[in-house]
Amino acid sequence: MNKIDFLQFLEYRSPEIFKLTGEHMKITGVAVFLAILVGVPLGIYITKNKKVANVILNTANIFQTLPSLALFGLIIPIMGIGFKPAIFVLFLYALLPIIKNTCIGINSIDPSIIEAGRGMGMTKTQILTMVEIPLALPIIMGGIRISTVINIGTATIAALIGAGGLGDFIFKGISMGNNNLILAGAIPTALLALSVDFILGLVEKNLTPQGLKNS
């Protein structure tokens with residue numbers, strides 16, 4: 001494959017690449033956002049209700065271990081094809097790291113800090129929102145970063161069920177034996193994953209309490 005030919009191909013296909021990248025970001029972004037809305041509260045809940053912790057974690061782990069292609073296939077008879085089933089599958093894939101890291105983050109807090117909060121007359125809600133979540137935030141963000149990066153890669157398979165995204169290029173390239181098409185989908189996907197991971201790393205750094213940064 002000639003490098004110049006590939007660059008010319010990218011230039012010619014650039015409008016479509018930008019369009020598919022936008023679709024890819026939308027699919028991944030919505031799925032991870034929903035996983036955060038569900039996963040963080042669940043992670044907090046299982047730290048306070050340890051009897052159900054294994055049930056919730058094992059259930060999320062089942063979705064994580066199922067092959068993505070199989071999960072997409074299983075969901076088609078229920079939800080059909082397109083954007084919504086893709087979001088649902090990616091949402092399931094994103095849950096485990098977020099739930100697990102939220103649980104680990106809160107459980108790793110020194111109990112003496114919680115006791116100090118109680119000694120100051122703080123309520124359970126105040127301790128959670130003003131002590132536990134801020135201190136656990138770096139670990140929670142780690143789970144969000146993992147989920148996002150994994151989902152950016154997994155979202156390429158969503159093209160098989162008509163959800164769009166950069167997977168369109170990859171699967172068209174495979175079916176046509178066209179390496180230019182494959183790379184036009186694979187390279188932006190990899191760059192997107194690296195860029196998002198870097199940005200979320202900056203967000204994590206800015207949200208980390210100053211005391212934790214110093215330590």
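This is a working chat about a predicted model of a single chain.

Q: What is in the chain, in terms of helices and strands?
A: The chain has 9 helices and 0 strands. From the N terminus on, the elements run α-α-α-α-α-α-α-α-α.

Q: What box do the C-alpha atoms fill?
A: Taken along the principal axes, the box is roughly 70 × 40 × 20 Å.

Q: And how many residues count as buried, as a percentage?
A: Of the 215 residues, 43% count as buried. As for contacts between residues at least 6 apart in sequence, 75% of them join residues at least 24 apart.

Q: What is the mean pLDDT?
A: The mean for the chain is 88, and 94% of the residues reach 70 or more.

Q: What does UniProt annotate on residues 21-200?
A: An unreviewed UniProt entry annotates them as "domain: ABC transmembrane type-1". In the model that span is 83% helix and 0% strand, with its end C-alpha atoms 18 Å apart.

Q: Which residues does the "transmembrane region" annotation cover?
A: The unreviewed UniProt entry gives 27-47, 59-80, 86-106, 152-171 and 183-203.

Q: How much helix is there in 152-171?
A: Residues 152-171 are 40% helix and 0% strand, and their end C-alpha atoms are 16 Å apart. For residues 59-80 the figures are 86% helix and 0% strand, with the end C-alpha atoms 23 Å apart.

Q: Moving on to the core. Which residues have the most contacts inside the largest nonpolar one?
A: Ile 46, Phe 72, Ala 86, Ile 99 and Ile 144, in a core of 40 residues. At least two residues each come from α1 (3-48), α2 (53-65), α3 (68-79), α4 (83-107) and α6 (124-154).

Q: Which helix gives the most?
A: Helix α4, with 14 residues.

Q: Where does another core lie, and which residues are in it?
A: Another core lies apart from the largest one and has 7 residues, among them Phe 9, Ile 17, Leu 181 and Ala 184.

Q: Back to Ile 144. What does Ile 144 touch?
A: Not counting residues up to four places away in sequence, Ile 144 touches Val 32, Ile 36, Ile 98 and Leu 200. Leu 200 is one of the buried residues of α8.

Q: How far does α8 reach?
A: Helix α8 spans residues 179-207, which is 29 residues, and reaches 42 Å from its first C-alpha to its last. That is close to the 42 Å expected at 1.5 Å a residue.

Q: Which residue caps the N-terminal end of α8?
A: Asn 178 does, with a side-chain oxygen 2.9 Å from the backbone nitrogen of Asn 180. Asn 180 is itself buried, and the buried residues of α8 also include Gly 185, Pro 188, Thr 189 and Glu 204.

Q: Next, Glu 132 in α6. Buried or exposed?
A: Glu 132 is buried, because its relative accessible area is 7% and the cut-off is under 20%.

Q: What does the Glu 132 side chain pair with?
A: A polar contact of 3.0 Å joins it to the side chain of Lys 48. Leaving aside neighbours within four places in sequence, Glu 132 is in contact with Lys 48, Ile 106, Ile 109, Ile 114 and Ile 127.

Q: How far is Ile 127 from Ala 116?
A: Their C-alpha atoms are separated by 9.8 Å, and the two are 11 residues apart along the chain. Ala 116 lies in helix α5, residues 111-119, and is partly exposed, with a relative accessible area of 41%.

Q: Now α3. What is Ser 68 in contact with?
A: Leaving aside neighbours within four places in sequence, Ser 68 is in contact with Tyr 93, Thr 154 and Ile 157. Ser 68 is found in helix α3 and is buried, at 17% relative accessible area.

Q: And Met 79, what does Met 79 touch?
A: Lys 84, Pro 85 and Phe 88, not counting residues up to four places away in sequence. Met 79 is also in helix α3, and counts as partly exposed at 37% relative accessibility.

How values were computed
Residues numbered from 1 in each chain as written. Predicted model: local features only at pLDDT ≥ 70, side-chain atom pairs only at ≥ 80, totals over all residues. Heavy atoms only, no water. Helix = DSSP H or I, 4+ residues; strand = E, 2+ residues; numbered from the N terminus. Expected span 1.5 Å × (residues − 1). Buried < 20%, exposed > 50% of the residue type's maximum accessible area, 1.4 Å probe, protein only. Polar contact = N/O pair within 3.5 Å; in protein donor to acceptor, adjacent residues only side chain to side chain. Core = buried A, V, L, I, M, F, W, Y, C linked by side-chain atoms within 4.5 Å. Contact = heavy atoms within 4.5 Å. pLDDT = per-residue confidence, 0-100. UniProt positions renumbered as here; feature names shortened; annotations may be inferred.
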